[in-house]
Number of protein chains: 2
Amino acid sequence: MILRINTRTRTATTDTSGAYAGLGGRALTSRIVSREVPPDCHALSDENKLVIAPGTLTGTTAATSGRISVGAKSPLTGGIKESNSGGIVSQKLAKLGIQAIVLEDKPEPNAPLTLIRVTKDGVTFEDAPASGNMGNYEYAKILDAKFGGSAVCALIGPAGEMCLKASTIQFTDTEGRPARSAGRGGMGAVMGSKRVKAIVVDDAGAPGVSYADREAFKTAGKRWAEILRSHPITSQGLPGFGTAILINIINEAGALPTKNFRSGRFDKAAQVSGEKMVELIEKRGGKAKEGCHVGCAIQCSQKYVDEKGQYVTSGFEYETLWAMGPNMLIDNLDDIAVLDRLCDEWGVDTIETGNALAMYMEAGVIPWGDSKAAIEMLKKIGARDPLGRILGNGATYVADAFGVDRIPVVKNQALPAYDPRAVKGVGVTYATSPMGGDHTAGYAVCQNVLACGGNVAPHSKEGQAELSKNLQVATAAIDSTGFCLFVAFAVLDTPDALQTICDMLAARYGSPVTPADVVALGTQILQDEQRFNEAAGLGKASDQLPRWFRQALPPHNVTWDFSNDELQAAKV
Amino acid sequence: MILRINTRTRTATTDTSGAYAGLGGRALTSRIVSREVPPDCHALSDENKLVIAPGTLTGTTAATSGRISVGAKSPLTGGIKESNSGGIVSQKLAKLGIQAIVLEDKPEPNAPLTLIRVTKDGVTFEDAPASGNMGNYEYAKILDAKFGGSAVCALIGPAGEMCLKASTIQFTDTEGRPARSAGRGGMGAVMGSKRVKAIVVDDAGAPGVSYADREAFKTAGKRWAEILRSHPITSQGLPGFGTAILINIINEAGALPTKNFRSGRFDKAAQVSGEKMVELIEKRGGKAKEGCHVGCAIQCSQKYVDEKGQYVTSGFEYETLWAMGPNMLIDNLDDIAVLDRLCDEWGVDTIETGNALAMYMEAGVIPWGDSKAAIEMLKKIGARDPLGRILGNGATYVADAFGVDRIPVVKNQALPAYDPRAVKGVGVTYATSPMGGDHTAGYAVCQNVLACGGNVAPHSKEGQAELSKNLQVATAAIDSTGFCLFVAFAVLDTPDALQTICDMLAARYGSPVTPADVVALGTQILQDEQRFNEAAGLGKASDQLPRWFRQALPPHNVTWDFSNDELQAAKV
């Protein structure tokens, strides 16, 4: 059932119409948004809806299936958005039998913030405890104390309360820390516009998920776990060093964007590498390996601690490390950790915010490489200072405040940690994904650099559009299951992996599922999203990188040379 | 000839290729921009060009022909822009035989500001005198002193220097005051991105314009002057009270947007009416009637003076009065005058900035109706304060900083002083003009409210698309001649007026011109502009008003009810 919450009247209704039966995760968020939200509405208006949906396999015993999708019209891109997060809210919603929570309507802008609590007995509403300029960590503790340790929640920080475009929804992890983030596209601003500070989910007494064929699920689930345990990336690379292992790899490939995408190589990359990070963590007594949700077989996260062994942040992704590091010429891991933590505190996307800070450097407001100045600037979001509001609205917004024209965005969303000129497949994904500049939407880094799932030469245009398209379809489908995208490394290289996923879906729901069904689902999701975007004004002209990517990128002196027409081949 | 100035190398070249022969004003700016500027470039990048062009009849003896067109890709709308101004630069350029100045390329962002001087002997470049936080009035005086009273100029203020999206290019009037403004679309930011502070034009010893048939021109010009002298609007209404005469008329029609477009009637309209303004000016010894350029037969401007008789500002347009008055619930003419003056000082568009200030009120940052708070906020642009940068970037930008979703813009440009629900013809123009929300692009207020050029009921959809389209075509043609748009009042109601314009063009250039040629020119201009916008990403989805205009507007409880498809009928 779908839980529809009217945020103006503070009432909840249970939608058991079955209109969206069989859908989960991104398939569900994008279907509801594309059907129910007018594409030309303002993203902060009462007509937008925020959809929070576990995947179709979330809550089951399938390994690494606990991700959550958050969808809405994005205040950042103006198009449709699905933002994906870890944390443990997703599994609890699934166990409560909740297919999705849909936040609808909105109260007056100065209405009190709402705290929503969802249990097996229903939904309750109350005024949220005052947040002042409190960050998410402190606020999560207040909720935790209030609800006696069962406050698993989705919450927004000051940035979301201010409705800023880079704002996230943070999800608490197994230890109650709000360290997991639906980061991209300003989903926190949509929640903030509806004056919802937090959704607390308690699954005590929940029925749990049901299985059409428990035994068949068990068999398939076992094989699934084996598959993840057998692939070198999911069993060694990611658990060993997290995604930060990519710093050295991508730097070596000449694709690590440095100083706002001026070079593909950073001479101090080693100082911010995954290897260095793990070495530090181990020396200081942190935790080098951790899952973002219960039952993850990959465990690519960490607990980063300071010199005194005190927790700073839940290990950073490669993209965070890059955004707060090489792209700003910052080479100090401890400062990067503080920047990451502050992003989680205020609830802003690390990729967008790192790029936005780079715009402040581009404008000369703070010096390149000055991590302390970056930290001070980032603190201004929590202080609700005008410069912080500017920062929290993302890269283009900062650039516009200071006349900067070198802005690495697609559909107004800042680009992640792979220079599209040196990894052309992911460049095609940036340009054509309905999500805007996003690596996860079609991670061609696999075939372009990691020799996973095949080999496609990264500097040539050849084959990239088809590669990106196939990956975008597959990713959309994976994002509907609740599986972490990282399972794709194993799936791409394991012949029976896709069939195993089909077997799990069939055993869970009782209808046969074929690989062709999975492809059809992925295609359908992208079609829903593209149709929405087209009507929202994001057509073919928006499917392109900024023109300055035509300039050559050292060290390989590669350029971006796709025409808009060529790029259309990557769309479904 | 066309004067092409490379702002990076500080060199000028004379383009006598004749590639744009016969074009002037908006026809020329839009043709050059659509041919030479990549639609997907960043508006502040080296690939954008700023084109400043007198009209085809500017510099002649034809009455009211001294307007100037400024064109570029707009930093505000992201589409093509023509912004039209008075002042006396235009006639001097025409007399120097300069068809257009084109500013190309750009220096480094921190390069010194440039002062460009254009005389009959050529072009010189020098570092501009330091401007500090100086406003345009003081800076114009410095230039005036430097050039011995001949410093007729186009200049940018602090907003243009900061490359803000609402920034204008100010043109000096007959008394050397920089009170005339190419206001809309951020043309000042494009000039600022090229680090050009001012263009000083001296026509001493200039050849003046030539005539293919001087006698024929004289005859036609005489008839032209008669036409303007015979129509009640151009001979009595506008000279008597300026455009501010519209406050009472539009309020009476229930179309005066009040409190950010919440009502079509302002209960204190009488206090800010044209009649009241003229009464005050006359009592205080100001000047109630003045032209914006030499040889204007209409004289719709004024000198607004304070209680002590001291000059404050060159009379405000109705749209300025409205933006700084009723739409913010401000009813104090003296404070409105200060707001207008400050806009000219910093170089920001009054319509965009008034709407942007209304967004600060919408957000609760300053109280509704508090003119003193509005003045203090506006001063922050000159102080280069972050809140001033936010303000100077226009209505949407302010709204985005504070989570406001009630933003009256089309293609990101703030709407002017006619509620589109109560004057549907101008609403169609707002929605479909390549310029974004703009009344001048197709002023259906004539037929909807003023009974000029026919009668089309304002509240019905009937006939509005065709009306708007015809007016858009006619306006584009008029904007290419250098005539002030206000001649249209007389042209619409005078059978031989269009032929008289054709006769003047023929006598000036020596080739016959028919009314059909004029229509074809207007159509061609719009086609150039639409093609550019389409490629820049402003397609059909952008041709619409914000959804909240579907809410009923008191007192007539009219709503906006055009579909995007219906609106396409207004495009050429």
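Domain bounds, as used here, come from an automatic or database domain assignment. The structure is a predicted model.

**Stop 1: the two domains of chain A**

Select residues 2-201 of chain A and colour them as domain 1, then select 248-419 and colour them as domain 2; these are the ranges that the domain assignment gives. The centres of domain 1 and domain 2 of chain A, taken over C-alpha atoms, are separated by 25 Å.

Next, show the contact between them. On the domain 1 side of chain A there are 39 residues, and they are in contact with 32 residues of domain 2 of chain A. To find the domain 1 side in the viewer, pick out α2 (89-95), α3 (136-146), α4 (158-161) and β11 (180-182) of chain A, each of which supplies at least two residues to it. Which of these elements gives the most? That is α4(A), with 3 residues. Colour this side of domain 1 by residue class and the division is 12 nonpolar, 22 polar and 5 charged.

**Stop 2: a helix pair in chain A**

Select helix α11 (residues 333-346) and helix α13 (residues 371-382) of chain A. Their axes come within 10 Å and cross at roughly 10°. Angles under 35 degrees count as roughly parallel, and α11(A) and α13(A) are therefore roughly parallel to each other.

Now show side chains where the two helices meet:

- from α11(A), display A:D335, A:V338, A:L339, A:L342, A:E345 and A:W346;
- from α13(A), display A:S371, A:A374, A:I375, A:L378, A:K379, A:I381 and A:G382.

The residues of this contact between α11(A) and α13(A) divide into 8 nonpolar, 2 polar and 3 charged.

**Stop 3: a sheet in chain B**

Move to chain B and switch to a cartoon view. Here 6 strands form an open sheet, in the order β2-β1-β6-β3-β4-β5, with mixed pairing. Which strands lie at the edges? They are β2 (11-15) and β5 (80-85) of chain B, each pairing on one side only. On average, neighbouring strands of this sheet are turned by 20° against each other, direction ignored.

Zoom in on strand β4 (residues 68-73) of chain B. This strand is joined to β5(B) by 6 bridges, and the two run antiparallel.

**Stop 4: where the chains meet**

Display chains A and B together. How many residues of each chain are in contact with the other? There are 34 residues of chain A in contact with 34 residues of chain B. On chain A, highlight α5 (187-193), α14 (386-392), α15 (395-402) and α21 (515-536), each of which supplies at least two residues of the side that touches chain B. The largest share of that side, 4 residues, comes from α14(A). By class, the side of chain A that touches chain B divides into 15 nonpolar, 12 polar and 7 charged residues.

**Stop 5: the axis**

Finally, superpose the chains. A rotation of 180° with 0.0 Å of shift along its axis places chain A on chain B, with an RMSD of 0.0 Å. That is the relation of a two-fold axis. Select A:P386 to locate the axis: of the residues of chain A, A:P386 comes closest to it, at 3.0 Å (C-alpha). Of the interface residues of chain A, 100% are also interface residues in chain B, so the copies meet through the same surface.

Conventions: Residues are numbered from 1 along each chain as its sequence is written. Chains are lettered from A and ligands numbered from 1 in the order in which they are written. This is a predicted model: local features need pLDDT of at least 70, side-chain atom pairs count only at pLDDT 80 or more; totals for chains, interfaces and linings use all residues. Copies are superposed by least squares on the C-alpha atoms of residues with pLDDT of at least 70 in both. Two residues are in contact if their C-beta atoms, placed from the backbone, lie within 7 Å. Two strands pair if DSSP finds at least two bridges between them. Axes are lines fitted to C-alpha atoms, for helices over the stretch in contact, and angles run from 0 to 180 degrees between N-to-C directions. Ala, Val, Leu, Ile, Met, Phe, Trp, Tyr, Cys and Pro count as nonpolar, Asp, Glu, Lys and Arg as charged, and the others, Gly among them, as polar. Angles under 35 degrees count as roughly parallel, over 145 as roughly antiparallel, 65 to 115 as roughly perpendicular and the rest as oblique.
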